[in-house]
Structure formats: C-alpha cells, structure tokens
Amino acid sequence: MVREIQTLLLSHKHIYLRWLKAHVGYFGNECADQLAKEAITKGDPFLLPKPLSYLKSEIKSAALSIWQDNWDDGKTGRSTHDIVPRVSNKPVGWNREELMFVTGRGPFHSYLHRFNLRTHDSSCGEKGDPIHYATKCRFTLSWHFQTPTVSLKLQWLKNILTYNSLRTLFLLPMCFICDENNLIVEDNNSALIHPD
C-alpha cells in the first residue's frame, strides 16, 4: 500500500502531502476520521502488526510485574525488601560491602553462625549483625555511627545508602570487617585476665 502511494505521488506531480490540523472542519480529513471510526466499530480485520519494540516493552513489563509479586511475597531477603521495595532492572549502584551490610550476608557472627562457622552469633556480648559492627563493636570503635532507635532503623539504613557522604564514612568499618575478619575472633570462650 505504501509503495502504491509513493508510485502515485511520483507519477502525479500536482499532488502534495501536507499536515492538516485535525477536527477543525477540513472535509477530506473529517471523512478519513469517519471511515477510520467505522472500520473500528465494524471490526475490520485490517490490523497492523505491533512493532518489535512494543513486544519487548510488554514482555519487560510482564516480567517486572511477576518479579515484583515474587519479591513482595517472598520469605527471604526481607531486610533488603524493606530498603528496596520496588524491583528494577537498573542496578542500585551498591558495592560489595554495601550489599553485605544490607543483606546481612558477610563476615558477621550472626551470618557465619547459621552455617556453623562460628559457635555463637554474638560479638562483644551482643548479636554480631551488621548494625552491631556499625554502631557498637569494639573492633570498629573508630568508625561508629550513632545507634538508631528501633522506629528509625529503616530510615537510618536508607539515609546511609542514599547520601554519598554517609556512604563514604560507612565504608570504612565495612572494609575493615571484610579485610581484617581474622582479627574479629570469637571471644565468648576466652577468659579476660584483669590485673589485681
């Protein structure tokens, strides 16, 4: 059809194509609109195939929707879900240490204890989770953040991961924990000797 139109235009030099404003009373334009509406209401089988970009967009949208449902209804990764509730195919831009902190999967007593790599899940007498190392652990004392209240814990985590200045400060204890994990040893079974 397009080739036919092009051939007709080339063979009839007196025919010109130009843009017309729609729905302002141009007779030919109004007739074309009316014919288009009739074709739609009569269910004319003349259908243009959708472009590949449309198909890709629909598949991507459906996949993200399924992924979001699985993420919302999942049983694991709930601490990460609290911080990143919406799925996306765009990376969050977190480095290794930030990912370990958010997921709690790293050289933390609480995580290693789950796999029997530590005899207990505490460090310094408290649960050895990422928050402990960032706020209370004696091994990371130089880099402590103020301990958040329970009600503000989620916002505290989001702030650390959102603001570059806080992320930079936060990376110091996390890098230390990752690089010097051999220094953070179990201390529940060892006796502290105090001079008399």
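**Notebook: loops, pockets and a helix pair**

I looked up Asn116 and found this residue in the loop between α6 and β1 (122–123), where helices (H or I, at least four residues) and strands (E, at least two) are DSSP runs numbered from the N terminus. I am working from a predicted model, in which local features need pLDDT of at least 70, side-chain atom pairs count only at pLDDT 80 or more, and totals for chains, interfaces and linings use all residues. Residues are numbered from 1 along each chain as its sequence is written, and side-chain values use heavy atoms, with hydrogens and water left out.

I noted that Asn116 has a positive phi, near 60 degrees, in a residue other than glycine. Most residues other than glycine have a negative phi. Asn116 counts as exposed at 68% relative accessibility (buried is under 20% relative accessible area, exposed over 50%, partly exposed in between, with a 1.4 Å probe and protein chains only). I then turned to His23, which is not a glycine but has a positive phi of about 60 degrees; His23 sits in the loop between α1 (2–11) and α2 (27–41) and is exposed, with a relative accessible area of 55%.

Next I looked up the pockets (on a 1 Å grid over the protein atoms alone, a pocket is an open set of points where a 1.4 Å probe fits, with protein on both sides within 12 Å along at least five of seven lines; lining residues have an atom within 4 Å of a point). The largest pocket holds about 560 Å³ of space, and of its 21 lining residues the closest to its centre are Ser79, Val102, Thr103, Gly104 and Pro130. I found that α4 (78–83), α5 (96–103), α6 (109–114), α7 (130–135) and α8 each give two or more residues to this lining, and that α4 gives the most, with five.

The second largest pocket holds about 250 Å³ of space, and its lining includes Trp67, Trp71 and Trp94.

Last, I checked helix α8 (residues 153–162) against helix α9 (residues 164–179), whose axes come within 5 Å and cross at roughly 95 degrees (axes are lines fitted to C-alpha atoms, for helices over the stretch in contact, and angles run from 0 to 180 degrees between N-to-C directions). That makes α8 roughly perpendicular to α9, the term for angles of 65 to 115 degrees. The contact (heavy atoms within 4.5 Å) is made by Asn159, Ile160, Leu161 and Thr162 of α8 and by Asn164, Leu166, Arg167 and Phe170 of α9.

Technical notes: Parallel < 35°, antiparallel > 145°, perpendicular 65-115°, else oblique. Points joined across faces, edges and corners; volume = space filled by probe spheres on them.
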